[in-house]
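I opened the notebook today to go through a structure residue by residue. My plan is to look up a handful of places and write down what I find at each.

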Amino acid sequence: DKPVIQDISFTVPAHKMFAVVGPSGCGKTTIIKLIARFYDVDEGTIHIGNIALRDYTTEDLFRQISFVFQDVYLFNDSLKNNILIAKPDATDQELHAVADLAGVTEIVQRLPDGWDTICGEGGRSLSGGERQRVSIARALLKHAPIVLLDEATSALDAENEANIVRSIEVLRKNSTLVVVAHKLETIRMADEIIVLDQAGRITEAGSHEELLKQNGPYKEFWAKRSASAQWKLA
């Protein structure tokens, strides 16, 4: 009964990387899931192009969108088939190219059954970071016009985060990216950023450089993230 986001209105330019930042619980993931139509808005409309989201069939909508979420679901099938679900007719060359880019090749080489490794229901045979790499490989293989990323680097170490950053650079060449992120490197890559407050309203919007000049919530957010990035266990 309590609204999560309020008075939200924005346009995501085609073939740009658009980031959503803000405090925990402000509605960032909600925005991503509304675009994917996991549920509908109570008021207002969401459009892809000139077509309202409600007018898309499920099949047509999913042809438009790829997902890379925090909680990646893998099927109880081989590692290979869990990636090929994005493009069943992909060639081995295409599969290996996206695997190299997303860091999946390292998983394949390490596991005894390689590409034939069974992921388990939900992907329980793999770690969270490994599942996210598989999800990135899916998105790369699918070539969807829109890619939704929700904390895509949250479960990755520094080396594998670099793989994901490279993958994002490739994705943005052909797709529109809508990204929820806390990591500094991911945020800095965005062409445009909106900043939400705790009530789920947009407080600022602009590029990274423009927002830093405004001396508002984004600059404070950036300063805190930059400081926390320097923390070390002693």
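Is Phe62 buried, partly exposed or exposed? I looked this up first, keeping in mind that the model is predicted, and I noted that Phe62 has a relative accessible area of 35%, which makes it partly exposed.

**Entry on aromatic rings.** I found eight aromatic pairs in the structure. One of them joins Phe62 and Phe67 in an edge-to-face arrangement, with 5.5 Å from centre to centre and 80° between the planes. Phe67, at a relative accessible area of 25%, is also partly exposed. Another pair is made by Tyr73 and Phe75, and I recorded this one as edge-to-face too, at 5.5 Å centre to centre and with 80° between the planes. Tyr73 has a relative accessibility of 42% and counts as partly exposed, and Phe75, for which I noted 40%, is likewise partly exposed. I then looked for a cluster, and I found that Phe38, Phe62, Phe67 and Phe69 form one together.

**Entry on Asn82.** Asn82 sits in helix 3, which covers residues 79–84, and its relative accessibility is 1%, so I wrote it down as buried, the limit being under 20%. Leaving aside residues up to four places away in sequence, I listed Leu74, Phe75, Asp77, Cys119, Val134 and Arg138 as the residues that Asn82 touches.

**Entry on helix 4.** For helix 4, residues 92–102, I noted Leu95, Val98, Ala99 and Ala102 as the buried residues. Looking down the axis of helix 4, I saw that these buried residues fall within an arc of 105°, and they therefore line one face of the helix. Just after helix 4 comes Gly103, for which I recorded a positive phi of about 85°.

**Entry on positive phi.** Most residues other than glycine have a negative phi. With that in mind I looked up Arg37, which is not a glycine and yet has a positive phi of about 60°. Arg37 lies in the loop between helix 1 (28–35) and strand 2 (47–48), and at a relative accessible area of 31% it is partly exposed. I also looked up Asn215, again not a glycine, and noted a positive phi of about 55°. Asn215 belongs to the loop between helix 9 (208–213) and helix 10 (217–228), and with a relative accessible area of 54% it is exposed.

Key: Residues numbered from 1 in each chain as written. Predicted model: local features only at pLDDT ≥ 70, side-chain atom pairs only at ≥ 80, totals over all residues. Heavy atoms only, no water. Helix = DSSP H or I, 4+ residues; strand = E, 2+ residues; numbered from the N terminus. Buried < 20%, exposed > 50% of the residue type's maximum accessible area, 1.4 Å probe, protein only. Contact = heavy atoms within 4.5 Å. Arc of directions from axis to C-beta. Phe/Tyr/Trp six-rings, centres within 6.5 Å; stacked < 30°, edge-to-face > 60°.
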